[in-house]
Amino acid sequence: MVTETPNASNALLPERYPQHDLFICDVSDAVLKDIMQHMEHPFYALSKKPETAIRKYQHNGQWLQIVPSVKGLATIYDKDILIYAISQIMAKVKRGEPVSPRVRINAHEFLMFSNRGTAGKDYHALCEALDRLAGTRISTNIQSGDEEQYDNFGLIDAASVRRKHGLDGRLLWLEIKLSDWVFNAIEAQEVLTLHRDYFRLRKPLERRIYELARKHCGQQSKWVCGVETLHKKSGSKSPLKQFRYLLREIAVNDHLPDYRFAINDQDQAVFINRDTMPCRAGETTRPTLIPPLDPDTYDRARAYAPGWCVHGLEAEWRAWAIEPPNHPDKAFLGFCKQWFEKHGPA
């Protein structure tokens, strides 16, 4: 079983505040809609540069139009504020406390929560994020709770900022009022759990790909999606050819939380559950993705990895393999050879 994200030290941002537990909810679903829909749709910009063009999206009968303010569309990093706010609300719900759309956020605690620095520029960035969140307007027919929204609304309805000693003073706290549609989704508990490494992902596309995997693969063993469809769902502005290249970079690094990821020969993105989440109800084990090996293969494997238990190596190999190879027996023997070269005799 893989319990941690491989290659984390190289591909992920350093964990500034390792004392934090798992984040209890994911705004990507809770913000807009019913849990199974919002992560499908590209509400947030993946670029740090201001995106001021109107974004239109339609998929399987669901549509949305997103109109940014002059300061740009809300970004996937701005969404961290909503993740924090919804985490607070869900914690109160769990404790049986009353909740409301208004959430006060301690600026320093938020920066720690989202694995950010605490320099002056980091506090200043919070104010800019609030402007983009409040200025982004959305029209859609995607449901939130038991309501279907057709009019225009924002991700947040209002924001207040409190500073020490005037406009140039240190930011102490901020308060936001979530839109009714967002709050309806929270009250319906249409939320998901984020892995603690979500805020350590370096690139916006990595966050978005993780969100899509979290929504579609969830607790299942495997999810396969055509690259062109994934490109549409992601909201990436990169040309399809460059998008494929960026996906392959993610696959090589193998650092997405909760899921292994690869691009197969059929131009499909393949996500495999790392078993960091429990199986779905009714499942006790993940389905076997690789067929049984030929009995003679084990004898040859012993020659490639003398002293090692070949059945133990097989278990390691099956956990490591992201999808069934074309020639499983040859692939397993190659794994045993590389294992022995790396680890030596048992």
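Predicted model: local features only at pLDDT ≥ 70, side-chain atom pairs only at ≥ 80, totals over all residues.

Which residues touch the most other members of the largest nonpolar core? Select I81, I105, I176, I209, L230, F261 and F271: they do, out of 69 residues in that core. (A nonpolar core here is a set of buried Ala, Val, Leu, Ile, Met, Phe, Trp, Tyr and Cys residues joined through side-chain atoms within 4.5 Å; buried means under 20% relative accessible area, with a 1.4 Å probe and protein chains only.) Now colour helix α3, residues 79–95, which gives the most to this core, with eight residues. Helices are DSSP runs of H or I with at least four residues, strands are runs of E with at least two, and both are numbered from the N terminus.

Residues are numbered from 1 along each chain as its sequence is written, and side-chain values use heavy atoms, with hydrogens and water left out.

Next, centre on I176. Leaving aside neighbours within four places in sequence, its contacts (heavy atoms within 4.5 Å) include I81, L82, A85, I105 and L130. For a separate, second core, pick Y298, V310, F332 and W339, which are among its 13 residues.

Then move to the open sheet of three strands, ordered β10-β12-β11 with antiparallel pairing. Two strands pair if DSSP finds at least two bridges between them. At the edges sit β10 (222–226) and β11 (259–263), each pairing on one side only. On average, neighbouring strands here are turned by 15 degrees against each other, direction ignored. Zoom in on β10 and β12 (residues 268–273): five bridges join them, and W223 stands opposite F271 in β12.

Now show α7 (residues 204–216) and α8 (residues 227–234). Their axes, lines fitted to C-alpha atoms over the stretch in contact, with angles from 0 to 180 degrees between N-to-C directions, come within 10 Å and cross at roughly 110 degrees. That makes α7 roughly perpendicular to α8, a label used for 65 to 115 degrees. On the α7 side select L205, R208, I209, L212 and H216; they meet L230, K233 and S234 in α8.

Last stop: α6, residues 180–187. Six of its eight residues are buried, namely W181, V182, F183, N184, A185 and I186. Following α6 comes Q189, with a positive phi near 55 degrees.

Terms used: Buried < 20%, exposed > 50% of the residue type's maximum accessible area, 1.4 Å probe, protein only. Parallel < 35°, antiparallel > 145°, perpendicular 65-115°, else oblique.
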